[in-house]
Amino acid sequence: MDNMTPMINTVTRVTLVLMAGLLMGWALHHETRDVTLGMTLGLVAGLVNFRYLAVKVRRVTQSIASNEGNAFSLGFVTRISFAILVTMFAVKIEHFSLVATVSGVFIPQLLAIPAGIYLSVKNKL
């Protein structure tokens, strides 16, 4: 897989659909509002981290391909700081489920696995 753009777009679309369903659940099912809102907050943070990692990977590959001697990183500190910020937000405000928020942070990264498999199989057929 040379181009990551289709996989990034697929993960973004699936995550947005999940967030729309969770917000619908938040509006219609009052007993699970804290879980749906926490999961939505985690999905937003996970999607931002996923897309930020994609930008950093592109920069690293361009730097390596052009043989520039620039120092590079994958933005791990920025991504973990954003995840901790969202987690602290969920802890501080009682309307968010902490477990759902932390789970939601990892879902976009995990969605990249089936999206990559699906897209690679689709391209082979």
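This is a predicted model: local features need pLDDT of at least 70, side-chain atom pairs count only at pLDDT 80 or more; totals for chains, interfaces and linings use all residues.
Helix H1 covers residues 5-28, and helix H2 covers residues 33-65. Their axes lie 9 Å apart and form an angle of about 165°. Because angles over 145 degrees count as roughly antiparallel, H1 is described as roughly antiparallel to H2. The two helices cross in a left-handed sense. The residues that form the contact of H1 with H2 comprise 16 nonpolar, seven polar and three charged ones.

**Two threonines**

Thr-15 is located in helix H1, while Thr-40 belongs to helix H2.

| Residue | Relative accessible area | Backbone oxygen reached | Distance |
|---|---|---|---|
| Thr-15 | 0% | Val-11 | 2.7 Å |
| Thr-40 | 9% | Thr-36 | 2.7 Å |

A residue is called buried if its relative accessible area is under 20%. Thr-15, at 0%, is therefore buried, and Thr-40, at 9%, also counts as buried.

**Contacts further along the chain**

When neighbours within four places in sequence are set aside, Thr-15 is in contact with Leu-43, Leu-47, Pro-108 and Leu-111. With residues up to four places away likewise excluded, Thr-40 touches Met-19, Leu-22 and Leu-23. Thr-40 can also be related to Thr-101: these residues are 61 residues apart along the chain, and their C-alpha atoms are separated by 7.3 Å.

Technical notes: Residues are numbered from 1 along each chain as its sequence is written. Side-chain values use heavy atoms; hydrogens and water are left out. Axes are lines fitted to C-alpha atoms, for helices over the stretch in contact, and angles run from 0 to 180 degrees between N-to-C directions. Helices (H or I, at least four residues) and strands (E, at least two) are DSSP runs, numbered from the N terminus. Angles under 35 degrees count as roughly parallel, over 145 as roughly antiparallel, 65 to 115 as roughly perpendicular and the rest as oblique. A crossing is left-handed if the near helix is turned anticlockwise from the far one by less than a right angle, and right-handed if clockwise. Ala, Val, Leu, Ile, Met, Phe, Trp, Tyr, Cys and Pro count as nonpolar, Asp, Glu, Lys and Arg as charged, and the others, Gly among them, as polar. Buried means under 20% relative accessible area, exposed over 50%, partly exposed in between (1.4 Å probe, protein chains only). A polar contact is a pair of N or O atoms within 3.5 Å; within protein, one must be able to donate a hydrogen and the other to accept it, and residues adjacent in sequence count only if both atoms are side-chain atoms. Contact means heavy atoms within 4.5 Å.
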